[in-house]
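Trainee: I have not read a structure like this before. Please take me through it one feature at a time.

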Amino acid sequence: MFIGIQTDSLSLYARQPKKRSYLALGNRIELYYLVSQLIQLRLSYRQIQQAVLQRKHAWLSKSTISYWARRIHNPLGKVSQFQSGPSPELAYVIGVVLGDGNLNIHGYNAELILAVTDYDFAKEFSASLATILVQPKPYKVRWHPRKNRWVVQGSSILLYNFLSRDWRNLKKWIEHCSRCRAAFLRAFYDAEGSISGRKLSLHNTKKALLLYIQDLLNQHRVETSRLYLHRSKGTALLDPKSGKVYFRRKDGFSFIVRTKSLPQFAKEIGFSIERKQKRLAEAARGVMERTLISNEAIPHSDSRGL
Ligand SMILES: [Zn+2]
């Protein structure tokens, strides 16, 4: 899975406009955020030019500032909408973003791009994103032949800023209520979970995040195994599609849901991805049947003649 933030290529030049010297992307993004803050303070373009010069020693043309302002505002002059109040949809988007663990910026209009192999996953993300960005319809899910993935793309500087904070500062939204919590967990499992037989596992490189997820699962009365090292830094990984070999950059951690908790997980959390959901339902059914049989096999105390 890949989540990126993409933007347009915009020219930005320092002091002497004749000799265009393009600033490094990191600097341009910093300037963009500074300008977006200044615009919200309702400064004039000239005041913004001066403030940027003072703070960042860079000179922005008024046309660049005006172009950015139009990106930041909608035609009615309001900052483009983002429903930042807690909701299951926002919790789902947070889960997907944390599940991948990385947000990349390629430009200015803060585009969120999700590219995944499962259509239903992309569709769920698109619907949640549209809800929190107050769009009348879900974003288009399109097939990207080169990436060999389903792609959803939305754009919001406010959402980008919101999601850029450390995940610990998103807990208020994740834990808002049991629906938000479940939506977050479902998103994370859609992104990083896998199920084969009765083994429902979750992988991520962030140990603290996985411990937190275990805690959330516990609140849904889903028991988990201890965390274990799933793969280690520097080991080789073969991509079966491209045939290329990669080397893992970080240690990964993993845990599984205890078999007896599978029915509870299926009932309260589940997957949006049908392919995984089917396997989960099957595993949960198997566990419930086995529990029924073993309960029947235990004789009642009165029948044991004690
Ligand atoms: Zn809630």
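This is a predicted model: local features need pLDDT of at least 70, side-chain atom pairs count only at pLDDT 80 or more; totals for chains, interfaces and linings use all residues.

Trainee: Which strand do bridges join to β5, and in what direction do the two run?

Mentor: Two strands pair if DSSP finds at least two bridges between them. β5 is joined to β6 by 4 bridges, and the two run antiparallel. S194 stands opposite S201, and S196 opposite K199. The two strands form a hairpin with 2 residues between them, and G197 in the turn has a positive phi of about 60°.

Trainee: Which residues make up the covered face of β6?

Mentor: The covered face holds L200, L202 and N204, and the uncovered one K199, S201 and H203. β6 is also joined to β10 by 4 bridges, again running antiparallel. There, L202 has F255 as its bridge partner.

Trainee: How many residues of helix α8 are buried?

Mentor: The count is 13 of 15, so α8 is largely enclosed by the rest of the structure. Its length can be checked too: the expected span of a helix is 1.5 Å times one less than its number of residues. From first C-alpha to last, α8 reaches 21 Å, close to the 21 Å expected.

Trainee: Which residues of α9 are buried, and which are exposed?

Mentor: L210, I213 and L217 are buried in α9. They cover an arc of only 55° around the axis (the arc of the directions from the helix axis to the C-beta atoms), which puts them on the same side of α9. On the other side, A208, L211, D215 and N218 are exposed. The buried residues pack against α8 (178-192), β6 (199-204) and β10 (252-256). Just after α9, R221 takes a positive phi of about 60°.

Trainee: Which residues is Y228 in contact with, leaving aside its neighbours within four places in sequence?

Mentor: Two residues are in contact if their C-beta atoms, placed from the backbone, lie within 7 Å. Y228, in strand β7 (residues 228-231), is in contact with F253, S254 and F255. Y228 and S254 are 26 residues apart in sequence and 5.4 Å apart in space, C-alpha to C-alpha. Y228 counts as exposed because 11 other C-beta atoms lie within 10 Å.

Trainee: Is L129 buried or exposed?

Mentor: L129, in helix α5 (residues 119-132), is buried, with 25 C-beta neighbours inside 10 Å. Not counting residues up to four places away in sequence, L129 touches V93, Y139, V152 and G154.

Definitions and conventions: Residues are numbered from 1 along each chain as its sequence is written. A residue is buried if 20 or more other C-beta atoms lie within 10 Å of its own, exposed if 12 or fewer, and partly exposed in between; C-beta atoms are placed from the backbone.
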